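Me: I am new to this structure. Can you show me how to read its contacts, step by step?

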Amino acid sequence: MEAAYQKLVRLESQLHPEGVQRAPLWQFVLWLGFFGTVLLWGVYAMFLCWFKGLNQTNMNDYYGFALWIWADLAVIAVGGGAFFTGLLRYVIGKDPLKYIINYAVLIGFICYSSALLILAIDIGQPLRGWFIFWHANVHSMLTEVAFCLSCYFGVLCIEYIPLVLENRKLDEIPFFHHTAHNFHEVMAIFAATGAFLSFFHQGSLGGVAGVLFGRPFAYRPEFYIWPTTFFLFTWSAAACGPCFTILVTKITEAITRKKLVKDNVVELLAKIAGWMLLTYSIAKIADTLYWGFVMLPKHGLQITDFYTNASLIYTKLGGVPWILLIEILCSVIPALILVSKKGRQSKPALVVAVLLGSMCAMINRWVMVLQVMAAPIMTFDQFALYFPSWQELATTVLPVAYGVILISLSHRYLPVFPQERELNPV
Amino acid sequence: MGETQGHGHQEGNGHAQGSKYGMVIDLDKCTGCGACMVACMAENNVPTKPDETNKLDTITWMRVFKLSNGKAFPEAETCYLPRPCMHCGGKHDAGHSPCVSVCPATATDYSYKTGIVSQIYTRCFGCRYCMGACPYKARYFNWWDPKFPADMKEYLSPDVSVRMRGIVEKCSFCFHRYQRAMDRAFYEGRELEEHEYQTACTQACPAGAITFGDLNNERHMVHKVVNDKHEGHAVLQGRKPFRLLEELDTNPKVYYLSARDWVVKAGNASLRETSPADKKPSGGHH
């Protein structure tokens, strides 16, 4: 038994990238087992939703969009690190980012595949999902989302494939070796395509809420055909996505107890994210002021309409629109930390900043989904409360477990971090 | 079909505008009896649930809201407000209803012949974006498989398809009645008469609070009421028709009438005198 295990360990270790150390196999299997169980719980809930319908959720006619759509928008926003880092590395030429681009792509791949999976669960008639392409309504922001999201996921697959082919054993096969090499040669084209597609799908996700002229809480003025939320969503994804990439990198470093990316690389990405966040927060504040004091009065409304007579959970805390304030603070505080050299170089400050930066996008997406649904519009309508069912929670945790497993597998078997060997000599 | 009726005209958006079916609901006549809701459900094969206590996932194409002026006795007043789908025309009445413009699969459409917003059940894949877009919450999702008590199946209308789980549905202004009436009129080579196409809720209302017809047709009562002119005389006795949330540019086709100032103000946020927290009429589902 012992001999068989040792043989398995020896064989398995041949799949590891060269010159790096990995956790013992039993530890890795236990780790996978835990997250695999969580994943199975989510998969069970997913099949319940598919077979029994969306009555398994606590969504209702007042909350047609709820936890899943938030999760969708949130993972797409924080997955924005992939397109933005790719743009910076391949198109703008920020060369040091080549040491973190693999991980950014992997995180993006996980986020976008999760988003597509959640969408597949979230529709009432999953077998008709293809209608969005076949009977496409070109006026709908969701159509734009579907097309750009699917295409961009294709780009992410193309960006992730060479990394898989660089596995030590696969790389020994000449065809895979050359394929990976050739993919790298043309990666700039895919990075540019990815950035282009991301601009539109991140933006159109913002447009999903921004065009709702029947929902004054979400409705925003338009530039040409796109509401301001179109640009704010793209902007925030470009700002918060890299924060999430750094955050996950730091978490991975903490779990593996290794330094995986050099500080200068992280600081460069953090600096760019900081300036993006700073400019985003200015734009966001300007947008909020215009919405509150120009647009709403045009519709006979006041900004206080959305922060009175409603549940504490969504809006009011002693008359203060706390979610709005937290959302703005989550962009301003990390921006101020990250634009300062001292802030970036302090590890605790950096971690706090990237954590807040990631939360910034998540809270913004929460507001643009749940609060939009929650705010009553007809003066005599009632506020309804929504709390997700366990099936919704399980299927939302599912992508997290899937992400952890894919990161674990990729880290163990693929050369995700090019600087790992240099930083951790065996 | 509408273009052949002789009163069509060219809209600014380039679409020939034929009929524009709409409704006027006299809130001072409505007693809140709910007959319109029952008639609507029976006419349109709306399924029921074994337990209907949760109104948040109950399908009611026509829903009666109970409004209160929030005052204590003896000044307390109640108003019942029936709310069907508003069949919004959108800005400039160009057909860009809040729901139609957002549907990614073109499963809901605006008819320039009738002004009716349709729902294509077999094309809807249940994304529910239209529900999020509708400020009147007039769209309902089929959270459950449609179920009817065994003996009720015999009563289902053959003109209306039963909707499957996982799609959105809403009031159609009893469009199947329009189709039936138009078929007959076309066969007989004449125009559609006002009485030939009436919605189930209109006919069921015992108080006669609902008037339905073509808002573009001068001979129809809805046109006369909305324009306050009947044989040269004003008919509304000072009352002014209003629509819900007019300031949002949804351009609904359902008009309301009331002599009570607080009811009119409840229709639109911009008509409020003071902060909404103080003056908001309390609402409830009937």
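Reply: Let's start between the chains. This is a predicted model. In it, 46 residues of chain A are in contact with 47 residues of chain B. Contact here means C-beta atoms within 7 Å.

Me: Now inside one chain. What domains does the assignment give for chain A?

Reply: Read the ranges with care. Domain 1 of chain A is written in two pieces, 27-60 and 393-408. Domain 2 of chain A covers 61-383. Their C-alpha centres lie 22 Å apart.

Me: How many residues of domain 1 of chain A are in contact with domain 2 of chain A?

Reply: Count each side separately. 13 residues of domain 1 of chain A meet 18 residues of domain 2 of chain A. On the domain 1 side, α2 (25-52) and α16 (390-413) of chain A each supply at least two residues. The most come from α16(A), which gives 7 residues.

Me: And which classes make up that side of domain 1 of chain A?

Reply: Sort by class again. The side of domain 1 of chain A that touches domain 2 of chain A has 9 nonpolar residues, 4 polar and no charged.

Key:
Residues are numbered from 1 along each chain as its sequence is written. Chains are lettered from A and ligands numbered from 1 in the order in which they are written. This is a predicted model: local features need pLDDT of at least 70, side-chain atom pairs count only at pLDDT 80 or more; totals for chains, interfaces and linings use all residues. Domain bounds come from an automatic or database domain assignment. Two residues are in contact if their C-beta atoms, placed from the backbone, lie within 7 Å. Helices (H or I, at least four residues) and strands (E, at least two) are DSSP runs, numbered from the N terminus. Ala, Val, Leu, Ile, Met, Phe, Trp, Tyr, Cys and Pro count as nonpolar, Asp, Glu, Lys and Arg as charged, and the others, Gly among them, as polar.
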